[in-house]
There are 2 protein chains.
Amino acid sequence: MTQLLNDIHAIILAGGSGTRFWPLSRETCPKQMLQIVGEDTLIRQTIKRIHGFVPSENIWIVTTEDKAQDMRFHLQSLGSLAKSVQFIKEPVGRNTAPAIGLAAIYLNRLSPESIMIVMPSDHAIPDTQKFLSDLKLSIEGAKEDYLVTFGIKPCRPETGYGYIKVVNSSEIGPNGLLKVERFIEKPNFQTAEAYLSDGNYFWNSGIFVWKTSKILSKIEKHLPELYQTLKEIESILFQLDKPKELNEPNKLNKLNKPNKLYKLYSNLESISIDYGIMERSSNVLMVPATFQWSDLGSWTALDEIVDKDEQGNIFKGNTVDIGSKNSIVFSGQRLVATIGLKDMVVVDTPDATLVTTKDRAQEVRKIVDTLRQNGREEHLLHKTVVKPWGSYTVLEKGEGYKIKRVVINPKSKLSLQLHRRRSEHWVVVSGIAKVTKEGETYLVHTNESTYIPINTKHRLENPGEGLLQIIEVQNGDYVEEDDIERFDDVYDRT
Amino acid sequence: MTQLLNDIHAIILAGGSGTRFWPLSRETCPKQMLQIVGEDTLIRQTIKRIHGFVPSENIWIVTTEDKAQDMRFHLQSLGSLAKSVQFIKEPVGRNTAPAIGLAAIYLNRLSPESIMIVMPSDHAIPDTQKFLSDLKLSIEGAKEDYLVTFGIKPCRPETGYGYIKVVNSSEIGPNGLLKVERFIEKPNFQTAEAYLSDGNYFWNSGIFVWKTSKILSKIEKHLPELYQTLKEIESILFQLDKPKELNEPNKLNKLNKPNKLYKLYSNLESISIDYGIMERSSNVLMVPATFQWSDLGSWTALDEIVDKDEQGNIFKGNTVDIGSKNSIVFSGQRLVATIGLKDMVVVDTPDATLVTTKDRAQEVRKIVDTLRQNGREEHLLHKTVVKPWGSYTVLEKGEGYKIKRVVINPKSKLSLQLHRRRSEHWVVVSGIAKVTKEGETYLVHTNESTYIPINTKHRLENPGEGLLQIIEVQNGDYVEEDDIERFDDVYDRT
């Protein structure tokens, strides 16, 4: 698109937790923040895909409050684009209908005639050009007050997707779109087979285009309770009645748990837009997608979207194999050796390995549930935790000590902080560290070390142009992350 | 046995590399040094099993020169027993016939009428009492100049073992033993099925009992070249003709590669005692073993010897499973999550994971070959390397640095050493370190650190009664293990 469409907005839904991609996904690193296919993480690919079609300031990320900060840091690598992207924060996750409704009241305030492109943040769409070309079609439908969706022509009797039935797939309707008869939830295998041979059934891609005013009137009609709550939220958010507010989506940042907005939102019914609106609406059109698509609903979805070897295998990372077939082996630095696998999935991360048959890959959710119930950590965090200033990797934790490798980005600094129950030894292994310790500031060069006693205000900073790497040895009776008091922080985490 | 048998010697064959138990086994940590089943490592279980039947100074370990030092350190935990055990070192591995021949010339010198119990170091025999009771029978046979072996009654058509055919299993021969008709190499499945139903076929356990003089005469007859070489080796080893020499098995330590003994031994044909002697001998008796036995020939052998859950699974370590059957999952500290496995083996170690079907578990050797060919390290060393003074674990290795956790046993010390290309930061995380640096000696307490510059003679010592743990951060352009000059070492490694 050469001409940017100023009244078209992209709403990227990014509240999902992605437990089905465990152990690669974690609560603090959901699927949309993973690089599973393609050259970047799914959410960054999604933003790049839509950017150019809509102005960067018309890109909105809807996510839950607890994920928003990490996600903003995650987008930093997009540079100026990341700065324009706006966040709409749900106090808690309540599925897609409330999330889309919340976005709609923002946009409605900005421009009631605006058009919303609603898209998941964690799907794979390799061909951007085809996607944008289909999107153009959908815009025309939306302009004429239709709810427009995208259907994917099925290539197998898939039971993991919802379906869209069109009235007649050979009868091209308004603007080259097909008229939708109904939305259908995930079928059983026999039904899916019938759908496949019928020709009028498409996979529901979860991508929607409509006027903001139109979806709000549909919510008013089909989900009146949600509508009522959205109006109340609107009146609280925009009570000052200043258009300026609209460009301050951080307003919602202040939805702290005890306040009214939190109560209103958390009391909403969790309901999907498909079930709450689409299944009940009549004037729906569908674009028969020309682009390749996968919702990446589980590890086995890689089969649809990643090139395989002659034996039908997908290998990534440090792997050695003898004679496996139709299997997926995902590794990082550690070695994974496989022999004679058939229809298996193996996923290796620094602290956990998953081995499952493909037909039961969905059950990884139960593993995550088990870990949560048992108070484990392998579903929460990776060993490497990305921070706004860089990252740290826990190399080992033992009785009374913890060892981390800390990587600080150029010109970045951690908060001025203090620990009540641990001291820290820092050995610089590359770069030069600028250390502040109780007011005194000094440099620590590669192959030098310094010591931060317990109860001592300190700050670590990388004044250089390259990465700074230090090895941190913590000593204390308690070496958990929550032993931290922040006094000053460039990322507002105090 | 209440009465020790002073002229009976146990020859424990411990030269095997055990590649089939990779990734748990490594070149520097072969199968016999692993705790796979039971409460101790296989070689220590083997020594404890035979100790009490023969005096501790009659226990001989035959292994290759490169394994001997590590193995001696490995036996230290046996205390005074370890001190009595004697080592016979093969310059290189040449299979069981030369190894047994080498042991025989030692024993022949000591006492030509001595009886040798030859046993592998890496088999599982859970019931020591039954084993010793069977062993007693075999001794009687050996005293009457028979070669005696132990046969295991087959319980399935196993194709992984050699077989022994007895003349008639219902016809008890001399001393309750069965007369052997012949030895048979590993059969195909159909043949193994026939053997199973026949009743006169037994699995060859690889345990043998005979007079030293008898096996030497058999070697002279069936393997004359080996016999000739053994006589030459004997003449070199015992040229001083002093009986004292016999109690100095370290003599063979000095078989350095360029010398004559190395040449003689390395030129020997690699041949097993089964193929070289047993298959060609007529006066062989077999004890029908009453003890449970497994040669632990591959991961799947655990099925024979380890208790399974109701679904036929064996789980060890940090595992979570949903609905697997007849599978083996071996983990350590890291989490291994499995779903719906059937007849699979999963083995996890800190730096490598193996996933294989049971029917192809033998092919793990090919994985090891591939790693060797590609110059990898995962077949050589574990991340944790056991040393005579304790152990170290490589936590991370990066560009120009390496991080280790070093554990020093009470009252132990590393060598006085120096590194040409790296400096070392040491942070004590538990215990008190005694550090020697260029002649100066000082203590470093928990939560203190010290620095060893490049090219500086140093020594680390644990003067305390508990473990000393330090984190070592190495910095340098080369951080490999071979950058070490030793000046003084209590373990004679200078």
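Trainee: Is B:C29 buried or exposed?
Mentor: Please keep in mind that this is a predicted model. B:C29 counts as buried, because its relative accessibility is 17% and the cut-off for buried is under 20%. A:C29 is likewise buried, with a relative accessible area of 17%.

Trainee: How many disulfides are there over all chains?
Mentor: The count comes to zero disulfides over all chains.

Trainee: Which strands form the open sheet of six?
Mentor: The order is β11(A)-β13(A)-β15(B)-β14(B)-β12(B)-β10(B), and the pairing is mixed. β11 (319-322) of chain A and β10 (314-316) of chain B stand at the edges; each has a single partner strand, so one side of each is left without a neighbour in the sheet. On average, neighbouring strands of this sheet are turned by 5 degrees against each other, direction ignored.

Trainee: In which sense do β12 and β14 of chain B pair?
Mentor: Strand β12 (residues 328-330) and strand β14 (residues 344-348) of chain B pair in the parallel sense, over three bridges. B:F330 has B:V347 in β14(B) as its bridge partner.

Trainee: What about aromatic residues: which ones cluster with A:F330?
Mentor: A:F21 and A:W299 form one aromatic cluster with A:F330. Over all chains, the structure holds 24 aromatic pairs.

Trainee: Which residue lies over the face of A:Y392?
Mentor: A:K404 does, at 3.8 Å from the ring centre. In chain B, the charged end of B:R280 sits over the ring of B:Y275, 5.4 Å from its centre.

Trainee: Finally, the backbone. Where is the cis peptide bond to A:P23?
Mentor: The bond runs from A:W22 to A:P23, with omega near 10 degrees, and A:P23 is in the loop between β1 (8-13) and α1 (42-50) of chain A. The bond from B:W22 to B:P23 is also cis, with omega near 5 degrees.

Trainee: What is the phi of A:L296?
Mentor: Phi is about 45 degrees, a positive value although A:L296 is not a glycine. Most residues other than glycine have a negative phi. A:L296 is in the loop between β9 (284-288) and α11 (302-305) of chain A, and it counts as buried at 0% relative accessibility.

Terms used: Residues are numbered from 1 along each chain as its sequence is written. Chains are lettered from A and ligands numbered from 1 in the order in which they are written. This is a predicted model: local features need pLDDT of at least 70, side-chain atom pairs count only at pLDDT 80 or more; totals for chains, interfaces and linings use all residues. Side-chain values use heavy atoms; hydrogens and water are left out. Two strands pair if DSSP finds at least two bridges between them. Helices (H or I, at least four residues) and strands (E, at least two) are DSSP runs, numbered from the N terminus. Axes are lines fitted to C-alpha atoms, for helices over the stretch in contact, and angles run from 0 to 180 degrees between N-to-C directions. A disulfide is a pair of cysteine sulfur atoms within 2.5 Å. Buried means under 20% relative accessible area, exposed over 50%, partly exposed in between (1.4 Å probe, protein chains only). Rings of Phe, Tyr and Trp (its six-membered ring) pair if their centres lie within 6.5 Å; planes under 30 degrees apart count as stacked, over 60 as edge-to-face and the rest as tilted. A charge sits over a ring if NZ of Lys or CZ of Arg is within 6 Å of the ring centre and within 35 degrees of the ring normal.
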